[in-house]
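Let's take a friendly walk through a protein model, one piece at a time. Keep the picture open beside the text as you read.

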Amino acid sequence: MDNLPDNAPQHCPGTQSEEAGKVSACAGCPNQSLCASGATRGQNDAEVVRAKLSSVKNKIFILSGKGGVGKSTFTSLLARALARRDPDKNVAILDIDICGPSVPRIMGTLNEQVHSSGSGWCPVYIEDNLCMMSIAYLLSSPEEAVIWRGPKKNLMIKQLLTEVDWGDSLDYLILDTPPGTSDEHLSSTSYLSGIGSQAILVTTPPEIALLDVRKEANFCKRVGLQLAGIVENMASFVCPKCSTESMIFPASTGGGANMANELEVPFLGSIPIDPLLARACDEGKDPFMEMPNSPAIQAVQRIVDQIIGMVR
């Protein structure tokens, strides 16, 4: 049999067969509609992924070479803000941090499970126009460790990119990535290159973080991923009582704004530290409802204004 999918049902005719997606053995397979369309015949994995996601208008990677800079938090804030801004726009988060998926907790969906249908995995919905998918939904418990080598992680990323039923019209697909420039990044960017994907880099002000984020910028350049801009997180602390601003993490070399200037990419803005935001994320609550007047939320709104102006 030709080019069997890794999760192929028994007696699968193969993706290259004229019977692909049309025989009784295909019933219930997440790949059925894609195979039946003929899109998989004569195509490699990257072409299959691109065919599946070609209708997604904006694909945005959230990247950072440094762990602990608030990348997943920013992913959740960006998705919530985009969904709130226009109820007619459909927004989705794809958490491709295979070993440390944290977005489900931030979005308050940690104990949800996904269901499979003939059209693929059904994502978990947070709002009518906001949904997400993560490997966390496929694990037996939140404490389960994913101890996989590269090939298995790459296979899971391919499945997440091809087997989730996002619906007929998706305006924003936001991909939350792990720190570094390894398997998850290489797989996802190779699959999505050439179909309008962009990246936003998240950093904190200290040079120790900027060093790693510069590596991520170099990664984007080498794989041909367009940089949409840089966001500086935890830029300062604004006292909720006296409104005094303190620099908890001093920008000794100019911070994210200076790095954006060096890289000749837009600086999208800075987000201050807010303990209430951290608490809302820990508890899976919507910060836009819990703390709409927070300086951090207002900063995110300004950043989203710029992002909307840059994309379709």
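Strand β2 covers residues 91-95 and is mostly covered, with five of its five residues buried. Here, buried means under 20% relative accessible area, exposed means over 50%, and partly exposed lies in between (1.4 Å probe, protein chains only). Strands (E, at least two residues) and helices (H or I, at least four) are DSSP runs, numbered from the N terminus.

Please keep in mind that this is a predicted model, in which local features need pLDDT of at least 70 and side-chain atom pairs count only at pLDDT 80 or more, while totals for chains, interfaces and linings use all residues. Residues are numbered from 1 along each chain as its sequence is written, and side-chain values use heavy atoms, with hydrogens and water left out.

In a regular strand the side chains alternate between the two faces of the sheet. In β2, V91, I93 and D95 point one way, while A92 and L94 point the other way.

Which residues does the record mark as a binding site? An unreviewed UniProt entry places this feature at G65, K66, G67, G68, V69, G70, K71 and S72. UniProt positions are given in the numbering used here, feature names are shortened, and annotations may be inferred rather than shown by experiment.

Two of these residues deserve a look. G65 sits in the loop between β1 (58-63) and α3 (71-85), and G65 counts as buried because its relative accessible area is 18%. Contact means heavy atoms within 4.5 Å. Leaving aside neighbours within four places in sequence, G65 is in contact with P179, G180, D212, V213 and E216. K71 belongs to helix α3 and is buried too, at 7% relative accessibility.

Helix α6 (residues 183-192) and helix α7 (residues 207-223) pack at an angle of about 35°, with their axes 11 Å apart. Axes are lines fitted to C-alpha atoms, for helices over the stretch in contact, and angles run from 0 to 180 degrees between N-to-C directions. H185, L186 and T189 of α6 meet E216, F219 and V223 of α7.
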